[in-house]
Amino acid sequence: MPSSVVPRTAAVAALVASALAAGLLTGAAASADPAAGAATAASAAGVRIHDIQGGTRISPLAGQTVAEVPGIVTGVRAYGSSRGFWFQDTTGDGNPATSEGVFVFTGSGSTPPVKAGDEVRVSGTVAEFVPGGAASGNQSLTQLTRPSVTVVSSGNELPAPAVLSEHSVPEAYAPAGDPAAGGSVNALPLRPDAYALDHYESLEGSNVRIGTSRVVGATDPFHELWVTLKPRENRSGRGGTVYGSYTSQNTGRLQIQSLTPAAEQPFPKADVGDVLTGPTEGPLDFNQFGGYTLTARTLGTLTRGELERERTEPQRRNELAVATYNVENLDPSDPQEKFDALGRAVVGNLASPDILALEEIQDNSGARNDGTVAADRTVEKFIAAITAAGGPAYHWRGISPENNKDGGEPGGNIRQVFLFNPERVSFTDRAGGDATTPTGVVREDRRAALTLSPGRIDPANSAWESSRKPLAGQFSFRGKPVIVIANHFGSKGGDEALTSHRQPPNRSSEVRRLQQAQSVNAFVKQVLEVDRRADVLVVGDINDFEFSATTKALTDGGALYAAVKSLPRKDRYSYVHQGNSQVLDQILTSPSIDRFSYDSVHINAEFAEQNSDHDPQVLRFRP
């Protein structure tokens, strides 16, 4: 997605002052004297692009005006809110750490007055723009603003592209940030031969090319996709790139956009495992939603990989199948086609599980903020779609939240809901559960039982403030009790991107999920104290990885086991984010459930056409 508009002022002093206030100038640029910036305009005449870019992430000339900077235009962005063009020096300084290309921001609505191949002289102000703002933690983009452009000639040969490949991009991701600078790498000299992020940064704004590359992140609604330059790097079983630890960031991932508007030339609709065949070439940009991005002037041809949506095995007669599925803000106003597609997936891809925990069920009025909290119309419309697809006539249980108290889309009142097949499993109802009353655990017939079913776990705990409270339900399968806890932990909103100027990035959202995991773990331990043989499943959108502190807290003391770890590493994922296939959705089991089969059913995350952005999970076992 294009960057936002850089603030513009009438004078250099005002520009620097406002940029400092907005956090647009960092590191060396933050110490720039506004008066000195204006005074050095004349002395900055004759500078080249590599002088502007410098050997760190921050321009040594930030806040200063430069005059008559020469170069050849390599790409033009004539749409969106960040319009402008890239131009590149044809001579260079021979220093691999200094980029020879830079972006010229011409405004949010003005058409750049140049085309690729134009030889130009550009005067303007050097600025460091942070996509998403300073609070995002993103690296900054060096650019020229308030430009004056002179076209010297047209039709010139473009500078030869730098080739990005598995051989050119280093294996190490990024240097450790400077502790004295809050963990920032901004002031560190670039080492493009040692670190992937430094390598990309050393080419910021330059003309680059990739060869035939496999797609690892499907085309999204903003007309962008992800490829890998390293086909063997943590490859998934279906062609993606698996994010298996905080230190396995996958250095070969690269986002691809097109400089041609989709209305003029449709952007390829790619799935994971497809191949972008032939050269893709254009300037290397940096944006808020993915970091380093090849903005393609020429785009390779899409070769389909024919990836198929998975189907899980049906459960045997004496097996209980429990599934979890985030259905992405489902409400009655959604097109019938979405309900029908979700219903077909439950039947055809999930084999009609006995118990299905749903996340992101919205209330009957959807995102309309009118005080509605009931969701019976949403759920019943979904059940009808399942039945129409040949599935069972599920029954359901849930608890309506307090209005606008559980986070998510304002007015939507998302919550978790249990569907269950009454022909295979029964629900043990214990009245009294509501939005604010916690369920407890008692001993009944020598087994653990819930005091409220359905009931919410620990709803008054501050960990669940403005977040979805866990929903617990007690079921009976072939005469044996099973307790299922449906969850939707806090999102990763607020975390810094892998391409952050802080290395490692801050993961501030983990604090809340860690508290939530501790709350659920404590409840499971209460159940096991009453009956160590109790069959307990903790399911849902945990919003965190199998190697995270959140998962470690859930499994503390051996109370639970993350069942996704039973899969080969190449199959451990339920979500694809910026080309990384990763775990967010999980099913965790108590010690008594020591033999099971687990399946992350890949039907959404790898595809351009999705019914949800999450893949459902299914676990089968014999109670």
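Predicted model: local features only at pLDDT ≥ 70, side-chain atom pairs only at ≥ 80, totals over all residues.
The largest nonpolar core comprises 28 residues. Within this core, the most contacts are made by Leu164, Tyr200, Ile210, Val227 and Leu254. Two or more residues each are supplied by helix α4 (196–201) and by the strands β3 (101–107), β7 (207–210), β9 (225–228), β10 (253–258), β12 (280–287) and β13 (291–296). For Tyr200, when residues up to four places away in sequence are not counted, the contacts are Leu164, Val169, Leu229, Thr251, Gly252, Arg253, Leu254, Leu284 and Tyr292.

Helices α5 (residues 336–349) and α6 (residues 376–388) have axes that come within 7 Å and cross at roughly 60 degrees. The two helices are therefore oblique to each other, and their crossing is right-handed. On the α5 side, the contact is formed by Gln336, Phe339, Asp340, Leu342, Gly343, Val346 and Val347; α6 contributes Thr378, Lys381, Phe382, Ala385 and Ile386. Of the residues in this contact, seven are nonpolar, three polar and two charged.

Asn487 lies in strand β24 (residues 480–488). Its relative accessibility is 1%, and Asn487 therefore counts as buried, the cut-off being under 20%. Apart from neighbours within four places in sequence, Asn487 contacts Glu359, Gln416, Pro470, Val520, Val538, Val539, Gly540, Asp541 and Ile542.

Note on methods: Residues numbered from 1 in each chain as written. Heavy atoms only, no water. Axes fitted to C-alpha atoms, helices over the stretch in contact; angles between N-to-C directions. Helix = DSSP H or I, 4+ residues; strand = E, 2+ residues; numbered from the N terminus. Parallel < 35°, antiparallel > 145°, perpendicular 65-115°, else oblique. Left-handed = near helix turned anticlockwise from the far one by under 90°. Contact = heavy atoms within 4.5 Å. Nonpolar A, V, L, I, M, F, W, Y, C, P; charged D, E, K, R; others polar. Core = buried A, V, L, I, M, F, W, Y, C linked by side-chain atoms within 4.5 Å. Buried < 20%, exposed > 50% of the residue type's maximum accessible area, 1.4 Å probe, protein only.
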